[in-house]
Amino acid sequence: MATNGGAWQIGDREGGVLAGRWWQWALSAPEDRSPVSDTTGEHAGWQQPDDLWFLAGTYGGRVVRRCEVPSDRPLFFPVLNIQHTKLYSRKPLKLDVAEAKAFLNGAPLDLREFTAPPFPVGLRTHLAWGIWAGTAPLIPGQYVLEVKGATTDGFRVDTTYHLTAVAV
């Protein structure tokens with residue numbers, strides 16, 4: 001199913017599971033290859049799953065990344081998110097959101113709030129919450145994805161992805 005990045009309908013349960021999988025993916029990378037700390041898009045392909053393509057969030061601030069994505073997989077990514085071990089809190093923490101937006105080629109994307117079921121990272125159980133977006137698979141071509149978010153305490157993200165969807 002190829003589209004121009006149309007809505008990908010994600011249910012609450014599926015979204016929560018994807019959020020947990022995203023965190024497992026993001027936390028699995030060594031720091032020198034982390035898609036989250038990457039400022040160029042060089043490490044966007046780090047151990048991507050076969051059924052979808054994760055795009056990384058950031059640790060805050062402005063980032064511009066360029067990368068290729070396969071045209072046969074939906075995209076899934078955070079606007080704002082947080083994770084912690086179950087030892088820290090037995091309930092998922094949430095951020096106080098002041099702003100959350102995502103645009104694909106200027107068109108707004110639907111955002112959803114998902115809470116991940118408990119998931120393992122190493123020997124610890126983690127919990128996670130976030131505001132997430134996804135798109136159906138993109139037809140081959142060039143795209144600009146803009147992600148902007150802010151919390152009430154001043155944390156901000158401003159990420160621009162220059163995506164090239166390639167036929168596989």
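How many aromatic pairs does the structure hold? The structure, a predicted model in which local features need pLDDT of at least 70, side-chain atom pairs count only at pLDDT 80 or more, and totals for chains, interfaces and linings use all residues, holds 7 aromatic pairs. Residues are numbered from 1 along each chain as its sequence is written, and side-chain values use heavy atoms, with hydrogens and water left out.

Rings of Phe, Tyr and Trp (its six-membered ring) are paired if their centres lie within 6.5 Å; planes under 30 degrees apart are stacked, over 60 edge-to-face, and the rest tilted. Phe-54 and Phe-76 form an edge-to-face pair, with 6.4 Å centre to centre and 65° between the planes. Because Phe-54 lies in strand 1 (residues 53–54) and Phe-76 in strand 3, this pair ties together parts 22 residues apart in sequence; strands are DSSP runs (E, at least two residues), numbered from the N terminus. Phe-76 also forms a tilted pair with Phe-114, at 6.4 Å centre to centre and 35° between the planes. Ring pairs link Trp-22, Trp-23, Trp-25, Phe-54, Phe-76, Phe-114 and Trp-132 into a cluster.

Phe-54 and Trp-25 are also among the residues lining the largest cavity. A cavity is a set of points, on a 1 Å grid over the protein atoms alone, where a 1.4 Å probe fits but cannot get out; lining residues have an atom within 4 Å of a point.

Note on methods:
On a 1 Å grid over the protein atoms alone, a cavity is a set of points where a 1.4 Å probe fits but cannot get out, and a pocket is an open set with protein on both sides within 12 Å along at least five of seven lines; lining residues have an atom within 4 Å of a point. Helices (H or I, at least four residues) and strands (E, at least two) are DSSP runs, numbered from the N terminus.
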